[in-house]
Each structure stands twice: as C-alpha cells, then as structure tokens.
Amino acid sequence: MRSLALVLLLTVAAVPARAASEADYKAAYAAAEAASKEAAGLRNQWTPTVSTLAAAKKAGDGGDFDRAVAAAKEAEALAKASIFQATSEKEAWKAMEIR
C-alpha cells in the first residue's frame with residue numbers, strides 16, 4: 001500500500017517544465033477518461049476520480065491547460081490506483097476466509 005501511495009504522489013507531482021497546450025490537455029484527459037472507464041467497468045470507480053476528472057474538464061474548457069493537465073493526470077493516477085485495488089483484492093479476500 002505504501003508503494004501505491006508513492007506512485008500516486010510521484011505521478012501527481014510530475015509537473016511539466018513548459019506550459020501545457022490544448023493538445024497536452026486532450027491527451028491527458030483521454031488517458032484519464034479511459035482509466036476511469038476501466039475502473040468503472042471493474043465496479044470500483046472512486047468518487048474523487050470523478051470529481052477530479054470534472055475539474056480537469058472545467059479547467060480545460062476555461063483555457064487553463066496547465067491546471068487541466070495536472071487535474072487529468074491526478075484523475076488518471078486515482079483511476080489506476082482503484083484498478084490496482086480492484087484487481088489485487090479480487091483474490092486477496094480468500095486469504096482472509098476462515099477455513
């Protein structure tokens with residue numbers, strides 16, 4: 001779990017060295033949206049992912065591409081973390097079963 005938190009922190013902390021463009025935003029948003037849909041398909045979509053994705057869209061629509069890219073990358077990291085949780089816990093519950 002600690003490594004998951006570290007990966008999430010490093011992903012969110014990765015700030016681009018240059019100003020983000022609309023193309024950067026669209027690529028980041030598409031990746032975040034795809035990961036979010038995958039998490040939803042696993043029935044493990046976290047609510048912070050949805051709100052962060054909405055914040056990215058709002059910032060992108062407002063032309064603040066730096067903020068939009070950062071929010072989209074954060075949403076993607078959250079979605080990937082929820083995917084990791086869903087897949088790792090898919091079998092982990094068996095270890096907790098009383099036999």
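**View 1. Helix 2 passes helix 3 in a left-handed crossing.** Left-handed here has the near helix turned anticlockwise from the far one by less than a right angle. This is a predicted model, where local features need pLDDT of at least 70 and side-chain atom pairs pLDDT 80 or more, while totals for chains, interfaces and linings use all residues. Residues are numbered from 1 along each chain as its sequence is written, and side-chain values use heavy atoms, leaving out hydrogens and water.

**View 2. Here are the axes of helix 2 (residues 22–41) and helix 3 (residues 47–61), which come within 11 Å and cross at roughly 160°.** That makes the pair roughly antiparallel (over 145 degrees). Each axis is a line fitted to C-alpha atoms over the stretch in contact, with angles from 0 to 180 degrees between N-to-C directions.

**View 3. Who touches whom between helix 2 and helix 3?** Helix 2 brings Tyr 25, Tyr 29, Ala 32, Glu 33 and Ser 36, and helix 3 answers with Thr 49, Leu 53, Ala 56, Lys 57 and Gly 60 (contact: heavy atoms within 4.5 Å). Sorted by type, these residues give five nonpolar, three polar and two charged; Gly goes with the polar ones, Ala, Leu and Tyr with the nonpolar, Glu and Lys with the charged.

**View 4. The whole protein has four helices and zero strands.** Helices are DSSP runs (H or I) of at least four residues, strands (E) of at least two. Of its 99 residues, 30% are buried (under 20% relative accessible area, 1.4 Å probe).

Note on methods: Angles under 35 degrees count as roughly parallel, over 145 as roughly antiparallel, 65 to 115 as roughly perpendicular and the rest as oblique. Buried means under 20% relative accessible area, exposed over 50%, partly exposed in between (1.4 Å probe, protein chains only).
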